Amino acid sequence: MCPHRLVLEHVTSRWGVLVLIELLERPYRFSELRRAIGRVSEKMLTQTLQTLERDGLVHRDAKPVIPPRVDYSLTDLGREAAEQVRGLALWTQDRMGEVQKAREVYDARKGRSGQG
């Protein structure tokens, strides 16, 4: 796979999108981020954050305190990516009515109702 496609996959993955959009607001601790996103397993969030950190989009700041404190924030590169992803997310939200109508027309034409 081409390197740019791999990064695109990371940025537009189910959890990558949500992490990037959430981190646009402010830095988060792991548990806060997990609650904010909702319905993501600890393992999947950890993998997503590690992948985005490796790509240079997320900064992991581990503070040497007890108990350990780790904060996650966006790098400048990550902020650029997150802005783009948020634009797409807002577009889908704004156009959902039109998408739903198109689905209904398609399903009616194909003789289906409500099937994905």
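Colleague: Leaving aside neighbours within four places in sequence, what is E22 in contact with, and how do you know?
Modeller: Contact requires heavy atoms within 4.5 Å, and by that criterion E22 is in contact with Y28, L33 and A36. The model is predicted, so local features need pLDDT of at least 70 and side-chain atom pairs pLDDT 80 or more, while totals for chains, interfaces and linings use all residues. Residues are numbered from 1 along each chain as its sequence is written, and side-chain values use heavy atoms, with hydrogens and water left out.

Colleague: What makes the pairing of the E22 and Y28 side chains a polar contact?
Modeller: The term covers a pair of N or O atoms within 3.5 Å, where within protein one must be able to donate a hydrogen and the other to accept it, and residues adjacent in sequence count only if both atoms are side-chain atoms; the side chains of E22 and Y28 are joined at 2.8 Å, so the pair qualifies.

Colleague: Why does the span of helix 4 agree with its number of residues?
Modeller: Helices are DSSP runs of H or I with at least four residues, numbered from the N terminus, and the expected span is 1.5 Å times one less than the number of residues. For the 13 residues of helix 4 (residues 42–54) that gives 18 Å, and the end C-alpha atoms are 18 Å apart, so the two agree.

Colleague: Which residues of helix 4 are called buried, and why are they said to line one face?
Modeller: Buried means under 20% relative accessible area, exposed over 50%, and partly exposed in between, with a 1.4 Å probe and protein chains only; L45, T48, L49 and L52 are the buried ones. Seen down the helix axis, the buried residues of helix 4 fall within an arc of 95° (taken from the directions from the axis to the C-beta atoms), so they line one face. The face turned away from that buried side carries the exposed K43 and R54.

Definitions and conventions: Helix = DSSP H or I, 4+ residues; strand = E, 2+ residues; numbered from the N terminus.
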